[in-house]
Amino acid sequence: MAATVAAHASSIQGVPPESSSGMTYRTNPKTGEKVSLLGFGMMRLPMEDGRFDQETVNEFVDYALAHGVNYFDSSPVYCQGLSEKATGDALRRHPRESYFVATKLSNFNKDNRTREGSIKMYRDSFENLGVGYIDYYLLHSVGGGSGLEEFEDRYINNGMLDFLMEERDAGRIRNLGFSYHGDISVFDYLLAHHDKYHWDFVQIQLNYLDWKYAKLVNKRNTAAEYLYGELSKRGIPAVIMEPLLGGRLANVPESIAARMKQRDPDRSIASWAFRFAGSQPDVLTVLSGMTRMEHIEDNLSSLAPLQPLTKDDLDFLQEIAAKMMEFDTIPCTDCKYCMPCPYGIDIPAIFRHYNKCIADDNVPASSRDVNYHKARRAFLIGYDRSVPKLRQADHCIGCGRCARHCPQRIEIPKELRRIDKYIERLKQELI
Amino acid sequence: MLRKIRISLAVLSILAVTLLFLDFTGTVHAYLGWMAKIQFLPALLALNVGVIAALVVLTLIFGRVYCSVICPLGILQDGIAWLGRRGKKNRLKYGWSPEKKWLRYTMLGVMAVAIIAGIGSLVALLAPYSAYGRIVQSLFAPVYGWGNNALAYLAERKESYAFYRTDVWLKGLSTLIVAAVTLIVLAILAWRNGRTYCNTICPVGTVLSFFSRFAMFRPVIDKEKCKNCKLCEHRCKAACINIDGHKIDYSRCVDCFDCLDNCKFDALKYRFAWGKEIPEQVRNDTQGVRNDAQEAGAESKGTDAGRRAFLVGTALAVGSVALKAQKDKADGAMAVIGDQDDDLEEKKVDGGLAPIKEKKRPARKTPLVPPGAGSLKKFSRHCTACQLCVSVCPNGVLRPSTGLLTLMQPESSYERGYCRPECTKCSEVCPSGAIRKITREEKTAIQIGRAVWVKENCLAARGRRCDNCAQHCPAGAIQMIEMDLDGRTRKVPLVDENKCIGCGACENLCPARPYSGIYVEGYTIHNDI
């Protein structure tokens with residue numbers, strides 16, 4: 001790795017090292033810096049028993065840097081609060097100018113929503129990341145909860161937004177932006193006041209499913225086409241999150257996977273999603289929460305370099321999206337914002353299992369289904385395998401603490417109860 | 001030839017019974033369940049006249065073949081004895097010993113009294129098939145379970161659903177101890193002297209001996225051909241051949257046919273011999289004592305020592321069990337969760353799993369027994385504590401009890417799961433009629449207990465929004481009602497005892513830990529709705 005580090009040392013901020021392997025870079029219009037089209041999301045790093053293996057994180061970061069990735073996105077709350085430190089520890093081993101690091105003001109909790117709490121969180125980020133300045137700093141997940149009211153509570157009433165703008169002026173924040181989910185009035189409000197806040201970038205959820213159908217998935221969401229259009233119009237670079245919907249666009253139903261493979265047998269299913277996001281010209285970087293080395297390799301093959309989608313490809317993906325909408329999956333992206341559930345329920349694991357069963361056609365609707373016995377066995381045994389008994393949906397008491405944290409605005413208790421009722425009927429062979 | 005047939009059948013038979021106890025999925029019961037139902041004592045307790053009559057007739061015709069090919073404990077001892085006989089100096093280790101009538105009949109008497117008086121634990125201790133079931137369930141089933149889990153682990157990696165994980169847990173410490181002590185004592189006895197247990201303690205052996213004395217077919221010594229080499233006597237694991245008098249004690253002969261194959265002079269034949277030599281046989285017993293007093297002295301000393309070990313071991317086990325039971329009671333005293341009062345802290349970071357406290361068993365005034373049992377009394381009188389139901393319960397509900405009188409007999413508890421509406425497995429496998437066979441529909445109408453609300457533990461009673469018990473009650477017996485508690489209106493569960501069947505869904509799924517805010521109290525007599 002020493003050679004790689006040396007290679008980065010010679011590079012200057014924003015200019016990719018010569019050794020990088022064909023990565024596509026986008027230019028930040030404000031700073032002129034070159035940002036790799038593939039960004040590393042530090043939210044899905046592999047954990048075991050609530051801990052990181054720092055060696056693994058280092059390995060991932062080194063590999064990504066060596067292959068031209070230079071954007072790393074973390075948050076104080078990710079991975080049970082350990083992501084920033086692990087990210088910092090891995091990046092610290094490289095020259096500061098060889099990477100851009102992004103983190104957020106994740107002041108969701110009542111305690112850190114105060115000015116003091118928020119400033120402490122901000123300062124802690126420097127400490128954890130081990131940096132003197134932060135390249136990209138975000139107001140985390142605006143539009144969530146009660147919308148504008150909550151936004152004001154988190155950033156306006158406590159003076160935090162003013163504070164952060166001062167920090168930007170002081171150079172400790174090089175780019176200030178926000179990540180957005182949920183209430184569109186907050187998004188519109190913030191963009192309407194662009195001349196006041198001067199957003200350097202905005203992070204949005206964009207993928208070929210949400211491009212047009214976000215509202216169909218959940219009526220409180222907004223089509224990515226609109227979000228992107230609004231940013232593009234104002235010349236604000238877009239950072240893309242959930243390009244793969246937490247893996248749901250990599251694990252599509254068999255019939256859909258077949259069509260994608262027929263069109264391009266050499267590309268992975270996931271690569272379609274990355275190329276879709278990357279093909280939008282005003283996208284600065286596409287974040288991917290990579291849990292395994294293979295994810296990094298596959299994503300590199302999609303974006304380093306990017307082979308943009310043709311008009312035909314885009315039409316094809318819209319067709320695929322329409323097909324995907326026929327499946328009644330739960331729009332969980334496994335971001336774990338809902339976790340930990342105070343009653344110990346593994347919410348994302350339950351949804352993941354349910355979605356997998358839908359994709360694998362293992363959710364029998366009736367005992368007259370041809371594959372009923374096989375599907376029932378796969379569903380029930382798979383359930384016990386994916387979710388320990390004490391963490392299954394039947395232990396959800398519906399307290400609702402999870403729902404307000406969900407960026408996808410899934411009505412979690414309702415969905416859990418629905419799945420539980422279905423499982424109960426499946427167990428009792430009542431369907 | 002006969003010996004080979006006997007061994008083949010015995011091996012098949014013990015494999016089948018063992019599989020019954022190991023197979024937690026319950027699939028082999030459809031094919032082999034009858035193997036448990038033809039066991040003598042369970043059939044007797046189930047008042048299965050057909051099976052008992054067939055076994056009596058079988059014994060009257062062929063002798064105690066039951067003990068050699070049907071009884072798994074007998075076959076187990078044969079296996080151990082075979083191991084103990086290996087090596088040159090051990091080949092001829094056995095010898096004639098007189099019948100210990102006083103011990104046999106005392107044990108039979110104890111058994112009879114235990115059955116009549118309903119002392120289930122004593123019946124369970126003496127019943128041979130149940131002793132075997134206990135050994136397999138307590139000592140071998142965990143190994144089988146772990147093996148299965150290893151396969152399930154591999155299957156999971158290959159996305160196959162052929163195997164699934166099963167929980168391996170200590171179902172009852174006292175039963176485990178009893179099983180282990182039984183196995184050790186039996187192994188010592190069988191290793192040294194073959195069928196000692198079967199011919200001194202086993203009440204089933206004693207009962208069958210009444211009939212085998214008169215068996216139509218039996219091994220007979222041809223005095224003309226016999227050269228008094230005593231090869232047969234020294235290889236008789238039932239110690240029932242007395243070559244000095246050319247007599248065989250048919251009350252103890254288990255028809256293993258070892259003697260037939262061993263005789264070099266063709267002097268032993270298994271043949272029709274009805275009504276012959278019986279009076280002589282009886283006389284022979286007393287004669288034997290005199291004749292072989294010296295020779296048998298050493299032997300019987302050994303046997304006595306072994307027997308003493310058995311009794312002392314049992315006494316120890318019972319003692320330890322009693323202590324355990326008392327301790328359990330103390331532990332089970334209803335407690336209130338301390339940390340429940342603090343309001344849940346708002347989460348600060350994303351991800352991770354909240355730790356879950358294990359549930360503790362509430363102190364039930366009346367034990368719970370599965371639907372189909374009828375009543376506690378009827379159940380404890382019929383159950384031989386073979387653990388078949390325990391091994392097949394997929395919900396972790398059944399486990400051997402620790403009560404002194406019902407020791408090792410199963411009882412229900414809901415810390416690990418609850419008695420699910422679609423499951424009637426225990427009632428399907430029970431060989432002794434202790435759990436009558438019921439259908440799913442019948443199950444919905446059998447009340448084995450009633451849910452009791454524990455205000456102190458209930459989360460809803462202190463203002464948390466929770467109605468999980470009402471949501472999951474399969475009988476629809478729980479509704480949430482408003483109640484004034486400590487000056488505030490709370491929505492809390494109200495149990496309709498007319499509808500509640502005591503399945504424990506509410507108790508098991510209650511979020512209050514370690515003690516649930518609602519638990520099931522048993523009925524002494526089950527109730528049909």
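Predicted model: local features only at pLDDT ≥ 70, side-chain atom pairs only at ≥ 80, totals over all residues.
Local features need pLDDT of at least 70 and side-chain atom pairs pLDDT 80 or more, whereas totals for chains, interfaces and linings use all residues. Residues are numbered from 1 along each chain, chains are lettered from A, and side-chain values use heavy atoms without hydrogens and water.

Reader: On which side or sides of helix 6 of chain A do the buried residues lie?
Author: Helix 6 spans residues 148-156 (a DSSP run of H or I, at least four residues). Because they cover an arc of only 100° around the axis (taken from the directions to the C-beta atoms), they lie on the same side of helix 6.

Reader: How much area do chain A and chain B bury between them?
Author: The contact (heavy atoms within 4.5 Å) takes 46 residues from chain A and 40 residues from chain B. Buried area is the accessible area (1.4 Å probe) lost on being put together, summed over both parts. Carbon and sulfur atoms hold 48% of the total, which is about 3800 Å².

Reader: Which residue of chain A meets B:Arg440 in a salt bridge?
Author: Between chain A and chain B the count is 5 salt bridges (a side-chain nitrogen of Lys or Arg within 4 Å of a carboxyl oxygen of Asp or Glu). In one of them, at 3.0 Å from N to O, the side chain of B:Arg440 meets that of A:Glu429.

How values were computed: Buried < 20%, exposed > 50% of the residue type's maximum accessible area, 1.4 Å probe, protein only. Helix = DSSP H or I, 4+ residues; strand = E, 2+ residues; numbered from the N terminus. Buried area = accessible area lost by both parts, 1.4 Å probe.
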